[in-house]
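Subject: Structure for you to look at

Hi,

Here is the structure I promised to pass on. Please open it next to this email and follow along as you read.

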Number of protein chains: 2
Amino acid sequence: MPSKPRIALDAAGGDVGVKVNVPAAVAAAKAGIPVTLVGDEAALKPELDALGAWRLGLEIAQASQIVGMHEKPSEALRRKKDSSIQVACSLVKAGRAAGVVSAGNSGATVGCGIFTLGRINGVERPALASLMPTEKKPTVLIDVGANVDSKPYHLVQFGIMADVFVRDVLGVARPTVGLLSIGEEEGKGNAVVKEAYDLFKKTPLNFIGNVEGRDIFTGDVHIVVCDGFVGNVALKLAEGLGKSFGKVLKGELKRGLISKIGTVLSRRALVRFSRVLDYAEYGGAPLLGLKSIAVVCHGASNVKAITNAIKMAATFAEKKAHEHLARELEAHSEIARFGRQSKT
Amino acid sequence: MPSKPRIALDAAGGDVGVKVNVPAAVAAAKAGIPVTLVGDEAALKPELDALGAWRLGLEIAQASQIVGMHEKPSEALRRKKDSSIQVACSLVKAGRAAGVVSAGNSGATVGCGIFTLGRINGVERPALASLMPTEKKPTVLIDVGANVDSKPYHLVQFGIMADVFVRDVLGVARPTVGLLSIGEEEGKGNAVVKEAYDLFKKTPLNFIGNVEGRDIFTGDVHIVVCDGFVGNVALKLAEGLGKSFGKVLKGELKRGLISKIGTVLSRRALVRFSRVLDYAEYGGAPLLGLKSIAVVCHGASNVKAITNAIKMAATFAEKKAHEHLARELEAHSEIARFGRQSKT
């Protein structure tokens, strides 16, 4: 079996840090993916020793600094040249890893990805694609916050990039693409969406027209395209609502401790229920539009989420989806050029 | 007891029509609110007869046409001068009712409200305020789709209007106002939100800064202000997610029919659960910024929702919240004027 592409993991990143990242790297390594743990060797070694996990293709790359979860990304990146996220991106840039995964400060990861790894020619705005869990296949929501105030042709680029990602990495042959709006009919939406609609019709994408907020969780559309402001609000709203529901069910569980069977049943409902909203299943959000691969994870990611994000990055690298994506964008650059004369 | 203000109900409106609207009017009338049912007398009379509900202060106003749920509002309003929503608004305009409630075509209700009832001086964009159910008090999300492409000063007007609504109609003394954005820190957001932030700071509102999507359902903020495109996406997303969750729980229920106790428990969870997302509790979304009162209900509203919407409209009228709102906007018109020199 040829060895899989090596992934650089920002081992200091996330709310928990090494205690989550190291076990995740070990799990990925056991699945055949070589991982370079980037962080402070003094903190990483004891964790690896404790897991007895040497000789699995795991390496450590020293980074003495950490970008805090609440630091301002631009300042932190300027000041902390030896931060784990910077070092991880540099490894990829130098060809010593095929992609980077981080649960650290999202803004810093996006910034570092863009500036260190570089954007694909013609891509002004790399975009974050989040895999929203549904009852069927996940729906890719793009952009969930890498950008705000997107132009119509940016939205079209998001669609083209997500299409390649879903084909190559999720294995869907001809994904459907919807434009997030406030009504299904053509002509509904704000100025940017209306203009993007016309552009989408010119692409060879499997464009199904406008979709609405309620369509994100049905699993009936593979890709939902929106501006990063709208996508970020949607993502956080779904997260908040999921938590509220979880609380109600847990309260009910406590209230309902009259019978063992009742408890077991409610608990089972709760588990199935959280699975519907289990971001860990999909790990992280790929930042599409870079010359290389970066996957951004939620700060609160658990071991499973990070492990799955590493696997996603490795598949992405194996399929060379970023190169495929560059070719597709190039092939449809006339639509982007058209877009540049946009009124909005 | 002085009689309550009369409300005109678009009795033909909604997915179901008279079968929901007539019982709702009867329930409101029993609670002391006189209602004028607007629709086809031939369809309304048998329903009223069946409920034995005459002499409760109920009246019928004849309207021979209906605007369909999927008709294009502007065209329908031009063509159907005798539609139930038009006749209902005309009754209010003529002073024969204090406010209108409709579960019909939302676009038509908004359009008819704006053109027939008229906007308050200085209000360019009346806005729909939706009461989002939370574990605590409802959160008012404004605007949920009356407008798109709002300017910063429109958002400030939405905040001022919602503040009066929450004080007068929901009885909260000094409601908190948050601006929906993609990060809590000042300076986060798109161009419109950033400029609106600065304007909000100049108002005497209890402005708490930016809030995120997850804050809509915690009940920790009374009013969340956003552009109607974002608000509409959020509203429909919440609705869709609620339905998905309900389905999962119902599936679990079916699966779990091993014990009566288990079933009772799960069923109870489901009920509590739907209550968290029970829009019927609050009935409808007031359209704020009109010289009179219009409440827009979901097409799928049940009897309880319409009844509560009628009650809300009556309270609104009793408190003369629309006049109060006009005074507040006038008092802070310098902020709107400032806004008109907006860059965005």
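Start with helices H6(B) and H11(B). They pack at an angle of about 140°, and their axes are 9 Å apart. That angle makes H6(B) oblique to H11(B). The crossing of H6(B) and H11(B) is right-handed.

Which residues meet there? From H6(B) come B:Gln157, B:Ile160, B:Met161, B:Val164, B:Phe165 and B:Asp168. From H11(B) come B:Ala321, B:His324, B:Leu325, B:Glu328 and B:Leu329. By type, the residues of this contact between H6(B) and H11(B) are 7 nonpolar, 2 polar and 2 charged.

Keep in mind that this is a predicted model.

Now turn to chain A. It has 12 helices and 11 strands. Of its 344 residues, 58% are buried. Take the contacts in chain A with a separation of 6 or more: 73% of them join residues 24 or more positions apart.

Next, a helix pair in chain A. Helix H6 of chain A covers residues 152-168, and helix H7 of chain A covers residues 191-202. Their axes are 8 Å apart, and the packing angle is about 50°. H6(A) and H7(A) are therefore oblique to each other. H6(A) crosses H7(A) in a right-handed way.

Look at the side of H6(A) in this contact. A:Pro152, A:Tyr153, A:Leu155, A:Val156 and A:Gly159 are the residues there. In H7(A), their partners are A:Val192, A:Glu195, A:Ala196, A:Leu199 and A:Phe200. The contact of H6(A) with H7(A) divides into 8 nonpolar residues, 1 polar and 1 charged.

Which of its residues are buried? They are A:Ala321, A:His322, A:Leu325, A:Ala326 and A:Leu329. Seen down the axis of H11(A), these buried residues fall within an arc of 140°, so they line one face of the helix. Here is some background for that. An α-helix has 3.6 residues a turn, so residues three or four places apart point the same way. The face of H11(A) turned away from the buried side carries exposed residues: A:Arg327, A:Glu330 and A:Ala331.

Two backbone details come next.

Cis peptide bonds. One runs from A:Ile142 to A:Asp143, with omega near 10°. A:Asp143 sits in the loop between strand E6 (139-142) and H6 of chain A. In chain B, a cis peptide bond joins B:Ile142 and B:Asp143, with omega about 5°. B:Asp143 lies in the loop between strand E6 (139-142) and helix H6 (152-168) of chain B.

Positive phi. A:Lys320 is not glycine, yet its phi is positive, near 50°. You will find A:Lys320 in the loop between helix H10 (303-319) and helix H11 (321-331) of chain A. Is A:Lys320 buried, exposed or partly exposed? A residue counts as buried if 20 or more other C-beta atoms lie within 10 Å of its own, and as exposed if 12 or fewer do. A:Lys320 has 15 within 10 Å, so it is partly exposed.

B:Lys320 also has a positive phi, near 50°. Its loop lies between helix H10 (303-318) and helix H11 (321-331) of chain B. B:Lys320 has 15 C-beta neighbours inside 10 Å, so it counts as partly exposed.

Over to you now.

Best wishes

Conventions
Residues are numbered from 1 along each chain as its sequence is written. Chains are lettered from A and ligands numbered from 1 in the order in which they are written. This is a predicted model: local features need pLDDT of at least 70, side-chain atom pairs count only at pLDDT 80 or more; totals for chains, interfaces and linings use all residues. Helices (H or I, at least four residues) and strands (E, at least two) are DSSP runs, numbered from the N terminus. Two residues are in contact if their C-beta atoms, placed from the backbone, lie within 7 Å. Axes are lines fitted to C-alpha atoms, for helices over the stretch in contact, and angles run from 0 to 180 degrees between N-to-C directions. Angles under 35 degrees count as roughly parallel, over 145 as roughly antiparallel, 65 to 115 as roughly perpendicular and the rest as oblique. A crossing is left-handed if the near helix is turned anticlockwise from the far one by less than a right angle, and right-handed if clockwise. Ala, Val, Leu, Ile, Met, Phe, Trp, Tyr, Cys and Pro count as nonpolar, Asp, Glu, Lys and Arg as charged, and the others, Gly among them, as polar. The arc is that of the directions from the helix axis to the C-beta atoms.
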